[in-house]
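Here are my notes on the model, point by point. Please read them with the structure open.

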Amino acid sequence: MTQAKPKSKIVLSVSRDIPFNKLVLSQSNVRRIKAGVAIEELAADISRRTLLQSLTVRPVLDAEGAETGMYEIPAGGRRYRALELLVKQKRLNKTAPIPCVIRTEGLAEEDSLAENVQRAPLHPLDQFRAFQAMREKGMGEEEIAAAFFISVNVVKQRLRLASVSETLRDAYAADELTLDQLMAFTVNPDHVRQAQVWDAIKDSYATQPYQIRRMLTEDAVRASDKRAQFIGIETYIEAGGAVMRDLFESDDGGWLEDVALADMLVTEKLNEQAEAIRAEGWKWIEVGLDFPYGHTYGLRRLSGEQEPLTDEQQATRDALQTELDKLEADYAEAPDLPDDVDERLGEIETAIDAIDDRLLVYDAEEVSRAGAFVSIGHSGHLHVARGYMRPEDELPVAPDGDETETAKTDPTEGDDAQSIDPISGPDEDEGLKPIPDRLVTELTAHRTVALRLALGGSFDTAFLACLHKLVLDQFYSYAQDSCLELTAKCIYFGSQAPGLGETPYAITLDERHETLAGSLPNDPEMLWDHLDALNDETRQALFAHCVALTANAMVEAYNRRPRAIADADRLAMTLDLDMVSAGWKPTADAFLGRVTKARIAAAVAEAKGDKTASDLKPLKKDMMVAKAEELLADTGWLPEPLRTPERQIEDGSDLVDVPPAANDGETAMDAEGDPADNEDAGQDEQLTAAE
């Protein structure tokens with residue numbers, strides 16, 4: 001038996017120190033494009049640490065193939081150029097020995113390519129550990145950055161990886177998450193919270209870095225939040241609060257980690273400001289981060305007047321206005337303003353606004369009965385809304401003399417009692433007095449009745465007025481530009497009907513609404529003239545759409561509305577509504593998968609006959625649903641709540657009369673609450689047990 005020859009041992013290339021002036025660059029170096037550290041930075045690094053990696057060289061041969069004593073460098077050209085720069089700077093002798101590995105086998109291009117391709121960049125975690133070790137040995141972040149010719153921010157970013165738990169670093173090393181994801185975890189140093197977020201996302205699709213940051217900071221206050229802007233980050237930090245920062249993304253100043261502390265500081269500062277405003281004499285002050293929209297509805301706003309400008313303020317304002325006018329005139333034709341001019345214009349405008357925005361002065365007696373709202377504005381500044389009078393703080397309205405004054409002839413009614421004859425009484429002042437409120441009410445009541453009589457006799461005007469009101473309600477939120485006491489209320493279906501917005505009829509309705517909305521004026525005050533100018537066809541289409549949005553044919557367990565549903569049936573019959581043509585289909589999600597097996601069989605029997613339905617009964621629920629969906633497709637079958645009375649459906653060849661949907665409010669909606677379905681449910685359980 002022949003023994004296998006042992007494999008020959010690898011023999012490494014010879015290494016030797018070669019004087020620098022015996023080295024030349026090779027034309028076989030594959031690197032042609034500059035990349036990485038600059039030659040100057042590499043030279044500085046060599047002067048700091050000397051040469052850490054030998055040059056790869058090959059002997060230069062003459063025409064006969066003999067060595068000339070010179071060596072060319074196919075791999076290590078950048079290091080050679082850095083050494084060459086040090087020689088030119090007289091920092092290195094031109095005969096200094098350079099560590100070299102001498103290659104004679106293979107191709108020079110192969111040496112160059114292998115050295116550049118085979119090397120692997122340092123893993124970010126290895127770089128982090130190296131930086132961390134250097135810092136622990138006393139080097140500062142600036143020193144580390146200077147030593148490796150990188151920015152201080154890069155060093156800080158790598159060292160920031162120390163805030164990530166070892167579990168996450170191990171997961172990154174095992175390629176279970178990306179560097180961007182790992183960096184996102186650094187925003188919150190709480191390892192417990194990091195673990196919670198990692199457990200929540202590692203098996204889900206919500207793994208984008210922004211999603212990780214959002215989850216890690218959802219219980220913090222952004223530095224750009226109006227609360228943080230109001231108290232100031234410095235105040236929060238001085239009070240012992242911690243700020244989470246993101247070194248890898250723009251974070252707008254970070255996040256205030258201690259929400260309770262931030263809220264306490266906000267409350268304290270708001271209350272301090274409120275006390276200063278209360279000193280102005282207001283009866284009440286309401287304080288809050290913000291107030292709901294419409295919180296001042298029903299309150300009367302006091303009329304105040306600005307204090308007149310002092311002579312000094314007026315002179316300052318005049319000077320600013322003169323400078324502003326001059327700058328605007330000088331640069332009126334300039335395509336772009338110089339930066340200094342633009343900055344000055346902003347300063348002038350801000351100064352003028354500060355002078356013009358003076359506090360209002362209110363009547364002292366009214367101030368004692370009114371109040372103010374103190375909150376934080378959207379940009380973080382203090383927002384004070386002064387001068388609101390509550391109804392209970394209004395002075396009682398003195399009744400008009402002609403309504404209450406009566407002749408008093410009984411002297412026992414008091415010494416001050418006196419009889420006043422409106423005719424023989426003292427003459428009124430020549431100045432006009434306002435018409436008494438009660439008389440205004442009486443007069444306008446007369447006008448209302450006459451207006452109704454006239455409006456009822458003009459269809460065109462009544463139609464236009466009604467359309468005007470409907471469009472205001474449906475397209476202009478909170479507009480109060482109509483005298484008609486009509487309300488156009490649009491019911492929206494969200495949780496009651498998941499997926500409704502994706503149906504073809506909902507999409508078409510939304511498209512029609514958006515088209516009509518785009519044709520209307522932005523200002524509700526212009527709406528009347530716009531509607532009056534429309535042609536009859538467009539006006540009628542708009543009217544029909546607005547009326548249609550008020551229709552509500554929905555039956556709910558707590559509100560079956562039998563008479564309203566009967567009216568909905570009447571509308572459907574008039575319009576010949578066909579839900580099949582509209583796009584509804586008896587799919588598993590829409591109906592079949594949400595009712596009992598008995599009801600599925602009944603649906604198939606109604607559309608395809610009893611024989612077909614009986615074939616489905618032995619099947620399990622999921623298979624039965626799938627088969628029924630296939631059988632009912634294109635049959636036009638509808639569940640009772642969707643049927644229009646007196647319409648028909650096809651069962652392939654014959655037309656089957658469809659019974660009208662129940663109008664007494666007892667329409668079957670689902671398995672729950674329906675006695676028949678409860679019975680079906682029992683049958684389903686028996687079938688399942690038998691299977």
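1. Terms first. Two strands pair if DSSP finds at least two bridges between them. Helices (H or I, at least four residues) and strands (E, at least two) are DSSP runs, numbered from the N terminus. The model is predicted: local features need pLDDT of at least 70, side-chain atom pairs count only at pLDDT 80 or more, and totals for chains, interfaces and linings use all residues. Residues are numbered from 1 along each chain as its sequence is written, and side-chain values use heavy atoms, with hydrogens and water left out.

2. Strands E3 and E4. Strand E3 (residues 55–61) and E4 run antiparallel, joined by four bridges. Threonine 56 has alanine 75 in E4 as its bridge partner. The hairpin of E3 and E4 has five residues between the strands, and glycine 65 there takes a positive phi near 90°.

3. Strand E5 (residues 97–102) runs parallel to E3, with three bridges between them. Here leucine 55 stands opposite cysteine 100 in E5. Strand E2 (residues 23–25) runs parallel to strand E4 (residues 67–75), again through three bridges. Leucine 23 faces tyrosine 71 in E4 as its opposite residue. Is E3 enclosed or open, and why? Five of its seven residues are buried (under 20% relative accessible area; exposed is over 50%, partly exposed in between; 1.4 Å probe, protein chains only). E3 is therefore largely enclosed by the rest of the structure.

4. The four-stranded sheet. An open sheet of mixed pairing has the strand order E9-E13-E14-E10. Strand E9 (284–287) and strand E10 (300–301) stand at the edges with a single partner strand each, so one side of each has no neighbour in the sheet. Strand E13 (residues 371–376) pairs with strand E14 (residues 382–389) in the antiparallel sense over six bridges. Within that pair, alanine 372 stands opposite arginine 386 in E14.

5. Arginine 386 again. Its side chain meets that of glutamate 280 in a salt bridge (2.9 Å, N to O). The term means a side-chain nitrogen of Lys or Arg within 4 Å of a carboxyl oxygen of Asp or Glu. Why does this pair tie together parts 106 residues apart in sequence? Arginine 386 lies in strand E14, while glutamate 280 lies in the loop between helix H13 (259–278) and E9. Arginine 386 is buried, at a relative accessible area of 15%. Glutamate 280 is partly exposed, at 38%.

6. Further salt bridges. The structure holds 15 of them. Glutamate 365 and arginine 369 form one, with the closest N and O atoms 3.0 Å apart. Glutamate 365 is partly exposed, with a relative accessible area of 39%, and arginine 369 is buried, with 12%. Aspartate 536 and arginine 539 form another, at 3.8 Å between the closest N and O atoms. Those two residues are separated by about one helical turn, because they are three residues apart in helix H22 (residues 536–548). Aspartate 536 is exposed at 52% relative accessible area; arginine 539 is buried at 13%. Asp225, Arg227 and Asp263 are linked in a salt-bridge network.

7. Helix H10 (residues 209–217). Which residues are buried in H10? They are Pro209, Gln211, Ile212, Arg213, Leu216 and Thr217. Their cover includes helix H8 (179–185), helix H9 (191–201), strand E7 (243–244) and strand E8 (255–256). Cover is counted by contact, meaning heavy atoms within 4.5 Å.

8. The loop between H23 and H24. Leucine 577 lies between helix H23 (562–575) and helix H24 (579–582). Leucine 577 is partly exposed, with a relative accessible area of 38%. Aspartate 578 is in that loop too, but counts as buried at 19% relative accessibility. The side chain of aspartate 578 reaches the backbone nitrogen of valine 580 at 3.0 Å.

9. Aspartate 589. This residue is in the loop between H24 and helix H25 (597–608). Aspartate 589 is exposed, at 67% relative accessible area. Its C-alpha atom is 9.9 Å from that of valine 625, 36 residues apart along the chain.

Key:
A polar contact is a pair of N or O atoms within 3.5 Å; within protein, one must be able to donate a hydrogen and the other to accept it, and residues adjacent in sequence count only if both atoms are side-chain atoms.
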